[in-house]
Amino acid sequence: LGAIHGGRDATASQHEDSSDAELADDIRYLRKTWSRIKEASVRLPPMSLLHQDLNLLQRVLRDLVGEGTQSIRIDSKEQFALLMTFGQEYMPAAVPKLQHYRGERPIFDLFAIDEEIARALGRRVDLKSGGYLIVDQTEALTTVDVNTGGYVGARNFDDTIFKTNLEAAQQIARQLRLRNLGGIIIVDFIDMVRDDHQAEVLSEFKRQLGRDRVKTMAGGFSQLGLVEMTRKRTRESLAHMLCESCPVCQGKGHVKTVRSVCYEVLREILREARQFNPREFRIVASPKVVEMFLDEESQHLAGLSDFIKKPISLQAETAMAQEQYDIVLL
């Protein structure tokens, strides 16, 4: 595991905005790699491995490290030696930046990496000004909503909105890189009355997007006050790589209320009673659903039992989620 400090947010993919120096570095790397493959093809016996893709750390060194990178700290002695060898051959300018971290404290704890990952996966991102962002990622697009948070009074409200939007413009561009969000992105800045404030916020937003090595395109403010933009998809987003759909809500982000589940159970029993003729119906459900049947929905349960002329019993199952239930025919 390693930590990179002061480096550019980037991906391995290049685009038409790449500088001549970046293209020259890429050409040098590819030529050297091809030269090694040709030399090995002559020297090594048949069935020998001529080339294999770089591991994660080597790709990070090749693709993310640039002039702005201050240091690269690696806490593995073996990986440090591997990167030193790779750097000396392909990226000699990066070798002085490589440092072997020997501290007792885990490197992820030292630089609060886990906390940063948690923030990058969170829906809410707090701003220093007191405002916050709400980031919602869907299959079709990503929306970012900017909110002021605390209200400072009518006289300074325009300035508060302006400063919050400026800070949000910087943070949104950073979050897009951290989360690797791609596709269509809709940003809802706080409504601004003054045209010069709108122009400055949009200029700052585009300037921050310009730091992204992944291709981005942003338009102006729409009639509804929204900024539409796109960011090229390069790989899965951080959330898709590190997370999976919730087994309870199946990725919806919400579950049915206990009362809704109770009514669904009653309807299912009525359907079952028209098809089958058991001695008894037993409801196996979560403790909250059973508790509501025993309390607030007890009259409806008793009324259904009288209507179908069959007893209905209850069984609480702690392992069941709120929406889960079974109707057992006894």
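A cavity is a set of points, on a 1 Å grid over the protein atoms alone, where a 1.4 Å probe fits but cannot get out, and its lining residues have an atom within 4 Å of a point. The model is predicted: local features need pLDDT of at least 70, side-chain atom pairs count only at pLDDT 80 or more, and totals for chains, interfaces and linings use all residues. Residues are numbered from 1 along each chain as its sequence is written, and side-chain values use heavy atoms, with hydrogens and water left out.

Figure 1. A search of the whole structure finds one cavity of 30 Å³ or more. The lining consists of Asp 158, Ile 161, Phe 162, Asp 191, Met 192, Val 193, Arg 194 and His 197. Helix H6 (residues 157-179) gives the largest share, three residues; helices here are DSSP runs (H or I, at least four residues), numbered from the N terminus. The lining has four nonpolar, one polar and three charged residues. In this classification Ala, Val, Leu, Ile, Met, Phe, Trp, Tyr, Cys and Pro count as nonpolar, Asp, Glu, Lys and Arg as charged, and the others, Gly among them, as polar.

**Figure 2. The packing of H6 and H7.** The axes of H6 and helix H7 (residues 195-209) lie 9 Å apart at an angle of about 20°. Axes are lines fitted to C-alpha atoms, for helices over the stretch in contact, and angles run from 0 to 180 degrees between N-to-C directions. H6 and H7 are therefore roughly parallel (under 35 degrees; over 145 is roughly antiparallel, 65 to 115 roughly perpendicular and the rest oblique). In the contact (heavy atoms within 4.5 Å), residues of H6 including Phe 162 and Leu 166 meet residues of H7 including His 197 and Val 201. By class, this contact has nine nonpolar, four polar and five charged residues.

**Figure 3. The packing of H2 and H3.** Helix H2 (residues 56-63) packs against helix H3 (residues 77-90) at an angle of about 40°, with axes 10 Å apart. H2 is therefore oblique to H3. Leu 57, Gln 58 and Leu 61 of H2 make the contact with Gln 79, Leu 82, Leu 83, Phe 86 and Gly 87 of H3. These residues comprise five nonpolar, three polar and no charged.

**Figure 4. The crossing of H1 and H3.** The axes of helix H1 (residues 20-43) and H3 come within 11 Å and cross at roughly 105°, so H1 and H3 are roughly perpendicular. Tyr 29, Lys 32, Thr 33 and Arg 36 of H1 meet Phe 86, Glu 89 and Tyr 90 of H3.

How values were computed. On a 1 Å grid over the protein atoms alone, a cavity is a set of points where a 1.4 Å probe fits but cannot get out, and a pocket is an open set with protein on both sides within 12 Å along at least five of seven lines; lining residues have an atom within 4 Å of a point. Grid points are joined across faces, edges and corners, and a volume is the space filled by probe spheres set on the points. Helices (H or I, at least four residues) and strands (E, at least two) are DSSP runs, numbered from the N terminus.
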